[in-house]
Amino acid sequence: MKKQPVRKFVFLLPATLIIAVFFLIPALLCVAYSFTDLALTGSNAKQLTFVGLSNYAKMFADTKVLRAARNTVVFTLGSIAGQSILGFSIAYLLREKRVWVRRVVGSIVMIGWVMPEVVAATCMNSFFADRGTLNAGLNLIGIKGISWLFTYPMLTVILANIWRGTAFSMMNYQAALDDVDTSILESAMLDGCGEISSIFRIILPVLKKTVATNSMLITLSTLGCFGMIWILTGGGPGGKTNTMTVLMYVNAFQNSQLGYGVAISMALLVIGVVFGLLYTRMLGEGEKNEAQD
Amino acid sequence: MKRRINRKIAYLLLTVIAILWVLPILWMVLASLDGNANIFIKIPDQITLDNFFRVVGDTSNQLAMLNSLVLSFGVAFCVMFASTLAGYVLSRYQSRTTRGYLYTILFMTTLPGTVLIVPVYKMFVMLKFYDRIGGIIIFLSATTLPYSIWMMKNFIDNIPIEIEEAAAVDGAGYWQALYHVVAPLVLPGICCVAIRAFSAAWGDFMTPYILLSSPSKAMASVTMYKYFDAFSVSYGNLAAFSILYSIPSVFLYILAQKFMSKGFAMSGANKG
């Protein structure tokens, strides 16, 4: 089949073209635009001026940006912790359970993940509303309701994101747990190792890699999270849930400062690139190890 | 004895988790069947399908669903076509170039498309792609393609190469080998990739929210978001719309699971 070596690259052409024009070029433009005064309307919309590092200078001096950066870190770490711990726990608890239990619980957790983002946000909105389901439940057991979206907005959006995203970790940990050799666990059990300590001493060390890749993938998808926060709080109240993504949107499209919005997305892009490279390297090494085995 | 207690605790915890997860969805179901639905959860005094009839009867809702269908089919088709071709070459011809290509693709799967939206917006305004469904079909294809190519390559890796060698002996070129031999064998994989692309486009909110403006081109996600903006939210309609809008996503997910279990053991293929 080596008669026409050129032909095979024709097959790569459609994908490469689409990705180059609508993924790579925007990424490069992102870098370039961040040094300009690009605006949505007005004279700056037509004529671009090079402004050097002033967008970045403005960014590092902007208390809103620093606050948004902190919010993004809290939101991401909270989501990673919640989704990983819950995802692992559900996967672990579902092990060796009756088929219908696995199916019912698994599907219920999956629904939040499968449904469109706007629908998930709607469900979460009614759940955390002042007269919503959660407060009704708390009232039943004698606890006075809390104005979740107003008093603890960051905690609420994190919980909402956990509700939606845990299914992904659950799937990853279910697949990984299926590969754990049960004979090790059984012999540990015989040696008097309890269930909890076997999780921490045997299972988690074995699943080290899954924990790492899973957390990294959550980080990357959480960094770009917009709809859930935007619909639930719009970044408020008082900027308490303003993440970098929300700030980027507000600056670029509501305040018409595209150049500044781009500079903010650059910051996100850099974090994304760093984590992306780490992730790719880890997978690459994994493949090499497998080849050596 | 201790194991039995552990088992009971496990079932108890699972029940609590299941209840916590199902309550938000329960509100949606109950509210959609309630003529006087509100934000708080309650059992309808009288079960009615009026909310559904009202949502389905509304012309702007019909248009939004139709637009979303056009968008999602467009993205599914572009992604299916481009990723099958690319996945085939990347699977069958391994060289330094294709390996580099593959790692670049893998790296791109991790970048959130959200961060590109501002430069893409500017680019679309310049290219006159702004407010065009065709424009966002290509942009969403571009963000979905990297992972789809990666999946396709893995699917095709599972097809033994000997079959094509036999076809090549019979005089089949690359295109014929792919079209007549490999594609039919890898059809469940192609369906999976297409379904994934369809669902991603169907559920996407941010892209149409930013890149489309005319009401005649509104997508289901943005139309639904507008329910919140309304002066007084009609929770019954909102819930009914939510359910109708979720049905394709849930149905396609189940379908994709069926395809996956049909002889494809794919690890890590479940990234949303």
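Predicted model: local features only at pLDDT ≥ 70, side-chain atom pairs only at ≥ 80, totals over all residues.
1. Leaving aside residues up to four places away in sequence, B:Val79 touches B:Ser141, B:Thr144, B:Leu145, B:Ser148, B:Val193, B:Ala194 and B:Ala197.

2. B:Val79 also belongs to the largest nonpolar core, which has 164 residues. B:Val75, B:Val79 and B:Ala197 are the residues with the most contacts inside that core. The core lies between domain 1 (1–48) and domain 2 (59–261) of chain B, because both domains give residues to it.

3. One of the residues touched by B:Val79 is B:Leu145, where α6(B) has a kink of about 45 degrees. Helix α6 of chain B covers residues 133–157, 25 residues in total. At 1.5 Å a residue it should span 36 Å; the end C-alpha atoms are 34 Å apart, so the two values agree.

4. How is chain B divided? Its two parts are domain 1 (1–48) and domain 2 (59–261). The C-alpha centres of these two domains of chain B lie 33 Å apart. Direct contact between them involves eight residues of domain 1 and six residues of domain 2. On the domain 1 side of chain B, the residues touching domain 2 are four nonpolar, three polar and one charged.

5. The contact of chain B with chain A takes 70 residues from chain B and 73 residues from chain A. Which helix of chain B gives the most to the side that touches chain A? Helix α1 (residues 2–32) does, with 13 residues. Sorted by class, the side of chain B that touches chain A has 53 nonpolar, 15 polar and two charged residues.

6. Chain A has 16 helices and zero strands. Of its 293 residues, 45% are buried. Taken along the principal axes, a box of roughly 75 × 75 × 30 Å is filled by the C-alpha atoms of chain A.

7. A last point concerns sequence separation in chain A. Where contacts in chain A join residues at least 6 apart in sequence, 70% of them are between residues at least 24 apart.

Definitions and conventions. Residues numbered from 1 in each chain as written. Chains lettered and ligands numbered in written order. Helix = DSSP H or I, 4+ residues; strand = E, 2+ residues; numbered from the N terminus. Buried ≥ 20, exposed ≤ 12 C-beta atoms within 10 Å, placed from the backbone. Contact = placed C-beta atoms within 7 Å. Core = buried A, V, L, I, M, F, W, Y, C linked by C-beta atoms within 7 Å. Domains from an automatic or database assignment. Nonpolar A, V, L, I, M, F, W, Y, C, P; charged D, E, K, R; others polar. Expected span 1.5 Å × (residues − 1). Bend = angle between axes of the 7 residues up to and from the residue.
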